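Please open the structure in your viewer and keep the selection tool at hand. The tour below moves from one selection to the next and says what is to be found at each stop.

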Amino acid sequence: MPEIDTKQAPQSGLSGIIKEAINSPLLVPLLAILTAMVVGGVIIAMVGGNPFAAYLGLAQGAFGSFKALSETAVWASPYIFAGLAVALAFKGGLFNIGAEGQLALGAVTSAWVGYALPDMLGITLPPILHISLTIGAGILAGALWAAIPGALKAYTGGHEVINTIMMNYIALNMVSFLLNGPMKDRTPGNVIARTPEIAESARIPIIFEGLRVHWGFVLALFIAFLAWWLLWKTTVGFEIRTVGMNPDAAKYAGINVKRTIVLTMALSGLLAGMAGAIEVTGLNYRHELGFSIGYGFDAIAIALLGKTHPLGVVLAAILFAGMRNGGTRMQFLTQIPVDIISVIQALILLFVAADAIIRYIYRIKVEEERVTLTRGWGG
Amino acid sequence: MLKKLYLVLALVMVAALLLPACAPAAPDCASADVFCVGLVTDVGKIDDKSFNQSTWEGVQQAKEEGVADQVQYIETTDAKDYDKNIATFADANYDVIVTVGFALGEASNAAAAKYPEVDFIGVDQFVEWPFDDDASNDLANFAGLNFPEDNAGFLVGALAAMMSESGKIGSVCGTDAVPPVWRFGEGYRAGAAYIDPAVEVTVVYHSDVGFDKTFTDPEWGAATANSMIDKGVDVIFGAGGKTGNGAVTAAAQRGVYAIGVDTDQYLTLPEAAPRLLSSAMKLLTPGTFDLIKLSKEGSFPSGNYYGSAGYAPFHDLENEVPAEVKTKMEEINAGLLDGSITTGVPPVKPE
């Protein structure tokens, strides 16, 4: 990971390794997870459960078999995209709370291209083209939707936190309207607010026969790499990060700050839209109102836990995916409510966000550079 | 710092060693002697004081009465997990899987086809295949547990019409896209008209939001009930999970008559109990229990199985309900049961 300080000569021996581990940016998140699990375990014990049995069930359900790993990857795919979306915005100094709405809009748009396009054109599209168009439509919808609060921020100073929250309501209600009205599946007997199934040619193939994990997961890993490359290896990425750290300095250095803000939001929305599109094309083959609830908000926790770094986001997304997936088996084996998963996830977020608590408990000195997330209202 | 870290690491290792020892010893459902029943909820909680809870009580009753040896539930948190959650039970060789709620219908039918040795009970899942000529769709191991909700709605609609002083009664429901909810609302309307066509009935469905929200919006339920009461409505029937509960509670707080749904909500909504006139009941618990018992006995019915509807006792308001109203209610209930009274409500809302 590029954040590790490589200039410092590595010390030899065990103490050197430990020192290096302590200075690693992974330390606080790992301790946050550990602490949250311990506190969560205490809560489980308090409600009369056995925390060890619960965590064993959780681990089994998340990583204990091929099927479990497949389901964890299924959960991780949208989480990686959505987590990257929020993380990329953070890098540009913007807090995108609107991933939830961008994701839903991306899902419904790509579902539409998935089921309606072949009928409209009257031809069967080759899968590679149809899949690309379907995902493309979803990411375009997400990007455009997120560009609006970006433009409001850049040109009027309207704060993106407020505007993305507001636009979540607009997006979610719009999707609800579409699924209940013009885009509703008209199959006789259907009363569920959902779109028709997308065409076979618009579906991302599964990787292993009999398991639900699809190539969208591999795509997610690739996009994470691409996001890292964009942020650290390209001029655009440099501009995004510079604006994120200090817009005044960026302006002085000749960077078009306004354009960069709009671009950052659009890229963020693009990734969120992709999270929705991947759920439609890879897993659900349609969009329905009960799908993908809260992923945009989980994504904020994932981005923070991953320290807004693409590799960190991938790891955090797999962790959260494993918890959401393994929760079922935990409940099945121990009858401990799945809500405990949300409690643990919230605790992780709390400990990562308020890392002073972790630093105090484990007596860690501040050595790493603090991550600048967003600027205040004046910025 | 390092010492603390080592301590934590040591604790984790000890915990890891203890793990296998703590794994619960569950009965082996694969054995022919062990009868296991699993329940999968819709996106909702097992203790919702309504639908999931009453069905789960039926499952628990099966255990208490020795029909089932092992019972377990899984709460669904995302619609994409329906298949996975059902498969969790099926892969563990459960004998009966109960899926609660209309939205699980497709997943349950698909699972019934995939696991022919498991009996599936789909609560509120009306299936079409018994009526078509294509036998290839038929599933011998699936029973949709349905209820004549319109009868239950009709009963409390008649009661509301008789008890109202202003001549205005109201109902706050979940989405009318779910046929049972629609039948409750329309049955209520029909029941009121049966008593007196002049009674003004307002039925509002929460169809403006998605399935994820329509049954879990008590604030909307309360606000809608309050605006009805402001317009002179003095009996409110709430039908639709927590949304309906919000309306019932709001009505009780304003001092007007409240009517609950699905179960006897006098027992589950204590905050509304003092003003709770009755509840339009789907007898979920006995319906679920009966089907589990039939499965155990090897005479599991396939297709649509009908449970019973009814109305709950008046409890605290026993003395406020005049004797002639009680007599009339018994007459109507008897009439609905023997078919001499019909609600005129079709099974599904016409397009």
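Begin by selecting chain A, which in this predicted model has 15 helices and 0 strands. Of the 379 residues in chain A, 52% are buried, and among its contacts between residues at least 6 apart in sequence, 79% join residues that are at least 24 apart.

Next, turn to the largest nonpolar core, which holds 224 residues and in which Ala85(A) and Ile236(B) touch the most other members. To see where the greatest contribution to this core comes from, select helix α4 of chain A, residues 66-91, which gives the most, with 16 residues. Then colour the two domains of chain B, domain 1 (36-146) and domain 2 (149-281 + 321-338), since the core draws at least three residues from each of them.

Stay in chain B and centre the view on Ile236(B). Leaving aside its neighbours within four places in sequence, Ile236(B) is in contact with Gly170(B), Val172(B), Ala225(B), Met228(B), Ala247(B), Val248(B), Ala251(B), Val256(B), Ala258(B) and Ile259(B).

For the last stop, select helix α13 of chain A (residues 310-334) together with helix α3 of chain B (residues 82-91), which pack at an angle of about 35° with their axes 11 Å apart. The crossing of α13(A) and α3(B) is right-handed. Which residues make the contact? On the side of α13(A) they are Thr328(A), Arg329(A) and Phe332(A), and on the side of α3(B) they are Lys84(B), Asn85(B) and Thr88(B). Coloured by kind, the residues of this contact divide into 1 nonpolar, 3 polar and 2 charged.

Technical notes: Residues numbered from 1 in each chain as written. Chains lettered and ligands numbered in written order. Predicted model: local features only at pLDDT ≥ 70, side-chain atom pairs only at ≥ 80, totals over all residues. Axes fitted to C-alpha atoms, helices over the stretch in contact; angles between N-to-C directions. Helix = DSSP H or I, 4+ residues; strand = E, 2+ residues; numbered from the N terminus. Left-handed = near helix turned anticlockwise from the far one by under 90°. Contact = placed C-beta atoms within 7 Å. Nonpolar A, V, L, I, M, F, W, Y, C, P; charged D, E, K, R; others polar. Core = buried A, V, L, I, M, F, W, Y, C linked by C-beta atoms within 7 Å. Buried ≥ 20, exposed ≤ 12 C-beta atoms within 10 Å, placed from the backbone. Domains from an automatic or database assignment.
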